[in-house]
Structures are given as structure tokens and as C-alpha cells.
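Work through these exercises with the sequence and the model open side by side. Try each task before you read its solution.

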Amino acid sequence: MTYANSESGAEWFARPDNDTGKPGLSFSCTMCGNCCSGDGGYVLFTDAESEALAARLGVTVSEFLDRYTHDTIAGRSLREKKSESGYECIFLDRNSIPGKGVCGVYEDRPMQCRTWPFWRSNLAGPWSWANAAKTCPGLNSGRRYSVQEIRVLREKVDM
Ligand code: SF4
């Protein structure tokens, strides 16, 4: 997927790209786990999401917050555990599917995870999308997301 230098701006993805001639962006997760691991980061969540995760895990919200989250400069975040790749989300499951990294709380994962990679930071321009593609092999392949779908996802979190 390539764009001419002039194809930048807030809605660059609304223009046909040079390879497919179509607007929108393609993405299908390969379950590599890269977005849930690496140098460390934040997975922020709402009160409703913490309630859903606590219920899923069979603990109280207070227990959930104590066991599975911690304070960061960005806000309360899911904890991470040390791994071969640095740090990874406490809920990343590398055992259920050999060679894959899957979310252990997938149905109740926070909106931040649900909306990857359609974050404002990745959609700032073709360069930021290309940068995200360096670590996420799911970008630029598989399902084509329409411009409207991308707009909706982009607005869901402040990332
Ligand atoms: S980095 Fe991309 S392909 Fe890998 S698990 Fe995350 S979303 Fe899926």
C-alpha cells in the first residue's frame, strides 16, 4: 500500500491508494501478539470495562484492580508481565494456540484493544500507518475497512 506524498492529511485513507485503487485500509489480525508485548505500555480501561473483566474473572472489582492493574502516568492500566520480548499484557495467552499470542479475555477486552490499529496516532498519515505496520503484520492485508468504519473506530478512544 503506497500513497503519493501529496496523499496526506486527516483523511488520507479516504483516497484510493496507489496499489489497490480503493479507499479505506486493510487489516486482519494474525495473532502474533506483538501489539500486546514489547517495550511496555498502557492498556487503559473504563469503569464499565473493569466491571466486565472482574465478572469474567470471578473477582470483585476491587480485587480485579488490585491483582490485574496498576497506576501509570497515563492512568490505571492493565498490568504487564516480563517476557522474552520485554513486557506483555497480563492477559496475553501464548499457550492455547502454539506459536500464537491470543487475548485471554477477548470478549471483554478494553476498547483500546478493540480499536487497534485504527487509532488516531496510527491514522495521522501514511507514514504513521506504515510505522505501525513494522510491528503489526496484520496491517495492509485481509479485511478491507471502509472509510466510515475507520472513522467510527478512530473516535472511540483517544490514542
Ligand atoms: S500486532 Fe497486529 S497481527 Fe499481531 S496480534 Fe496485534 S493486531 Fe494482531
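**Exercise 1: two peptide backbones to check**

Task: Where is Pro 117 found, and what kind of peptide bond joins Trp 116 and Pro 117?

Solution. Step one: find the loop between helix 3 (111–115) and helix 4 (126–133); Pro 117 is found there. Helices here are DSSP runs of H or I with at least four residues, strands are runs of E with at least two, and both are numbered from the N terminus. Step two: read omega between Trp 116 and Pro 117, which is about 5°, a cis peptide bond. Most peptide bonds are trans.

Before going on, note the ground rules. This is a predicted model: local features need pLDDT of at least 70, side-chain atom pairs count only at pLDDT 80 or more, and totals for chains, interfaces and linings use all residues. Residues are numbered from 1 along each chain as its sequence is written, and side-chain values use heavy atoms, with hydrogens and water left out.

Task: What is phi of Met 31, and what is phi of Asn 140?

Solution. Start with Met 31, in the loop between strand 1 (25–27) and strand 2. Its phi is near 60°, positive although the residue is not glycine. Met 31 is partly exposed, at 34% relative accessible area. (Buried means under 20%, exposed over 50%, partly exposed in between, with a 1.4 Å probe and protein chains only.) Now take Asn 140, in strand 9 (residues 139–145). Phi of Asn 140 is near 70°, again positive in a residue other than glycine. Asn 140 is partly exposed too, at 33%. For context, most residues other than glycine have a negative phi.

**Exercise 2: the strands**

Task: In what order do the 3 strands of the open sheet lie?

Solution. The order is 2-6-5, with antiparallel pairing. Strand 2 (37–38) and strand 5 (80–83) are the edges, each pairing on one side only. Two strands pair if DSSP finds at least two bridges between them. Strand 2 and strand 6 (residues 86–89) are joined by 2 bridges.

Task: How many residues does the hairpin between strand 3 and strand 4 pass through?

Solution. The hairpin passes through 2 residues. Strand 3 (residues 69–72) and strand 4 (residues 75–78) run antiparallel, joined by 4 bridges. Check His 70: its bridge partner in strand 4 is Ser 77.

**Exercise 3: the ligand shell**

Task: Which residues come nearest to the ligand?

Solution. The ligand has 13 residues around it, and Cys 29, Cys 32, Gly 33, Cys 35 and Cys 136 come nearest. A residue counts as near if one of its heavy atoms lies within 4 Å. Next, sort the shell by class: 8 nonpolar, 5 polar and no charged residues.

**Exercise 4: the whole chain**

Task: How many helices and strands does the protein have?

Solution. Count 5 helices and 9 strands. Their order from the N terminus is β-β-α-α-β-β-β-β-β-β-α-α-β-α. Next, take the extent: the C-alpha trace spans about 50 × 30 × 25 Å along its principal axes. Then check burial: buried residues make up 35% of the 159 residues.

Task: Is Lys 156 buried, partly exposed or exposed?

Solution. Lys 156 is found in helix 5 (residues 147–156). Lys 156 is partly exposed, with a relative accessible area of 45%. Finally, its C-alpha atom is separated by 21 Å from that of Ile 73, 83 residues apart along the chain.

Key. Ala, Val, Leu, Ile, Met, Phe, Trp, Tyr, Cys and Pro count as nonpolar, Asp, Glu, Lys and Arg as charged, and the others, Gly among them, as polar.
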